[in-house]
Amino acid sequence: MVTVLVPQSLRTLTDGEAVLTAEGHNIRAVIRDLAPRYPDLAERLVNGDRIGRGLSLAINGDVVSTGLITKVPEGAEISIVPQISGGVS
Amino acid sequence: MVTAQSQPQSKETEQYNVIGTRPIRHDGVDKVTGAAQYGADLSLPGMLAGRVLRSPHAHARIVSIDTSKAEALDGVKAVITNADFPRAADAEIDTGEGTANLRWVLDNVIASDKVLYKGHAVAAVAATDHHIAEDALELIEVKYDVLTPVLDVRDAMVDGSPLLHDSLHTKELDGSTSDSASNTASHLQFTKGDTEDGFAEADVVIEREFETSMAHQGYIEPHNGTAYWRADGTLDIWTSTQGAFVVRDSVAPLLQLSPSQVKVTPMEIGGGFGGKIPVYLEPLAALLSQKTGRPVKLTMNREEVLLATGPTSGTYMRVRMGAKNDGTITAADVHLAFEAGAYPGSPVGAGAMCSLAPYDIANQKIDGYDVVVNKPKTAAYRAPGAPQAEFATESVLNELAEQIGQDPLEMRLKNASVEGNTTAAGMPFGVIGNVECMTAAQESPHWQSELEGPNRGRGVAQGFWFNIGFESSAYAQVNGDGTVPLVLGSTDIGGTRASIAMQLAETLGISSDDVHPHVVDTNSVGYTQVTGGSRTTFAGGWAAYECAMDIRKQMEQRAAQVWECEADDVTYGDDAIIRGPADEDGNDRQFTFKELAGQLATSGGHIVGRADVNKTSSGPAFATHIVDVEVDPDTGKVDILRYTAVQDAGTAIHPAYVEGQMQGGVAQGVGMALNEEYFYDDSGDLKNASLLDYRMPTALDLPMIEPIIVEVPNPGHPYGVRGVGEVPIIPPAPAVRAAIANAIGVHMTELPMSPRAILDATVLDED
Amino acid sequence: MATEHIVVNCTINGESQTFLANERDSLLEALRDRIGLTGAKEGCNNGNCGACCVNMDGRIVNSCLVMAAECEGAEIRTVEGLAMGDQLTPLQNAFLEQAALQCGICTPGFLVAAESLLEQNPDPSEHEIRYWLAGNLCRCTGYDKIIKAVQQAAGQSVV
């Protein structure tokens, strides 16, 4: 089982839930596991074969760089954060 | 090894042979003899010179552009406008530290229907000589329908404000958008706990508003871009950039080329600080080259750099913070409105996530707004967004400490984030050096000393920056004499050839002088992200480590082949001795690295090591700065008397260049604190677009800056590296503000805290 | 807008040079575009940054503010003329040993300016060094290591 931490701005997509639990060996699988319960959040988190626009995911504090196929260790905490764009866009 | 200074290694790096020493940088001689080739130094046969025509208005609709007279001028070979580019798709492209909308990227390179800031490019000319190109600009006739400019972030957010983009609606992080068009491009919010409960628990609550000016990266080398579009459809670009691959991946879609048709050669770069990630001139040079069939070089002058290339955001910020009398911070409410410039994409998200990160505060609410205004599109600038946001939060924290009568470092220690704490953005901390920096500052000779004299004061502040990892590549071959050329894709802005080569040398057990690092073009190395985000020594070093491990493995296999034994029985030691099993006579068999290198050619061929890494465990950076100032009450001028910068570097690979990053960051932070500002009149005309009036610190404005390197190794890196480049720009402004308050009792609320601002504040204070 | 060209005879780094300058060329443009000496850099083109510093008849000048046509008969020394072959000057070595450069774009100007300081004042104080070099902007280093490099080249002990 892994924990997904939902920031305030995205809780409109989870009926106000801040902490979700899910199963899955990688990011894609975790999002698939969330989809039946939180379809709006799942849709927001995926953009084709990438993580949703303007978002980054962090596993135990490290922002993932290998997208949806990034492995998720058992017991991990996944944070959803805005992309650290550094104002380059 | 030639060492720069005979300083001993730190006790944390004593275990290493190369890491922690101070070798002469590999590219040093070229840079002290004038031989190093920067972008503007390039000359090609038949090369044309180009110039860019820029808007005199901050906000206007382009009615028409007539280039016929310019085209008729003798020596002019081509004139282009936005209409000459293929229509850009409404698609996102990777821009190094984020993504950008392709249409806006093109519109910023050269305006289509509207100009959105003074200096916005509207046409470009290629001619046989730059004097002729400049003359031609005066012959281009542009008719404008001038519109009301929007110059202040708060004005821009008001309903009914003139709109920069009719199609722009406010985006929330959850994907929803506002019904009506707005200058506010996006809003984000982070919360933790309940701030109302938190403020109710507080004994003291302070609320402050702050305004900060746009500030420029101020690299001494203006932007440049040279292109040669060959008849076979391939495009060569030479430019001073922080990321050759980002230039390739920005230019190719703008010109509807395959990335394979575009080769970008990064020239030596004269400073960047984030500002040399976006493309400005490269697409224009490319199209001018296509039109003329000749290489075209475009360069900016300083006025163009200040008018039209990315500064960091000006802001309006409001912070409310509450604490108990024992110093516990119970709640913080942070409101950040950042100017993005003409197109969306300010660093407000990063600023929001950094703003309270050094502290474990139970109840937090942070709101961030990204707002377009009629000023140049902002670009990344050293820890983008953090210097502004942490100026606001650190300043209020210092005032809280003052009000409850607690030592400001003690108060920080009481609330400091430690391993396992989670920020409001939901990011948990691993092993960090936050407390270690604060403690080292407390123990420093500076903090332990007394400061005496009238109008003098001392201030302290903390800084936090994420650091990033991402993709880096390295190739290295082993020559017969045991030297190792190392091929890299990371532009070297501040000595990263050396810091990466040192990690390869350490891993191979050889001298840093035997490694020869080279920065090459996009066809000659694997994908490498920008030199930015304090990632280069971290990720490039990791690539070098893996590249060296690849070489070690191949050397073991080769030795096994020579000795006719199993590769598993051969070991490559950290002393660069390759040891095998005893021979038939029972004698030990071993090669030094150089011995085996000498036999490679005749024992099966040469060896190439390679690595491509994509790492995330970059390890955040913290810093604590202490400053003493003296304020002249008659002129408002602030002199920096003494400065100490403490920073966790993880492991300082080349301590002299770590110190250099810390000192350089302080200098830029002091500039932001005291002098540097964009001064616009009501029409949106930038009145100080020169280095005389945009006042960056000189050698005379600064004292020696004492660096104290703390080393809390990053467990997410083979040598414990954390990025060091960005965090030192963050603490100077709030530390200087606290020192001014300590000196004259006035709490400033704007950046820069220029003589004018200080006189305004002190005169008002007396009224 | 007819352009006049002017023949200029001068000495650059000890070699006599004759070149054809556009009447609008600054010395900096002539060095870089006509003669091919690109060591002097353009940072601001109006005398505020010092990246284009060269030595002209014994004085340091911002070459962006000198017209090429003014250089008839002048003796000019640029960063390319400091080292003797592969023998760097003590100041160049000190810049390397003190890590006094990061990006290196301001380095040629600092070297020319600081060599001139040491010729005139072989044992300058820290304040004198800072004062002399206040016309040269560096955005990378915070100046610390540059000051120390000059002190080292002056034979002073550097901590």
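## Two faces of chain B

In this predicted model, 45 residues of chain B are in contact with 29 residues of chain A.

**Exercise 1.** Find which elements of chain B give two or more residues to the side that touches chain A, and which gives the largest share.

*Solution.* 
- Step 1. Collect the contacts: a pair counts if the C-beta atoms lie within 7 Å.
- Step 2. Strand S5 (99-101), strand S11 (184-192) and helix H10 (348-354) each give two or more.
- Step 3. S11(B) has the largest share, with 4 residues.
- Step 4. Sort this side by class. There are 19 nonpolar, 22 polar and 4 charged residues.

**Exercise 2.** Repeat the analysis for the side of chain B that touches chain C.

*Solution.* 
- Step 1. Count the contacts. Here 44 residues of chain B meet 48 residues of chain C.
- Step 2. Two or more come from each of helix H1 (28-33), helix H4 (130-137) and helix H18 (655-674) of chain B.
- Step 3. H18(B) provides the largest share, 7 residues.
- Step 4. Sort by class. This side divides into 22 nonpolar, 16 polar and 6 charged residues.

**Exercise 3.** State which confidence values the model as a whole and chain C carry.

*Solution.* 
- Step 1. Take the model scores. The ipTM is 0.98 and the pTM is 0.96.
- Step 2. Turn to chain C. Its mean pLDDT is 96.
- Step 3. Apply the cut-off. In chain C, 99% of residues reach 70 or more.

Definitions and conventions: Residues numbered from 1 in each chain as written. Chains lettered and ligands numbered in written order. Predicted model: local features only at pLDDT ≥ 70, side-chain atom pairs only at ≥ 80, totals over all residues. Nonpolar A, V, L, I, M, F, W, Y, C, P; charged D, E, K, R; others polar. pLDDT = per-residue confidence, 0-100.
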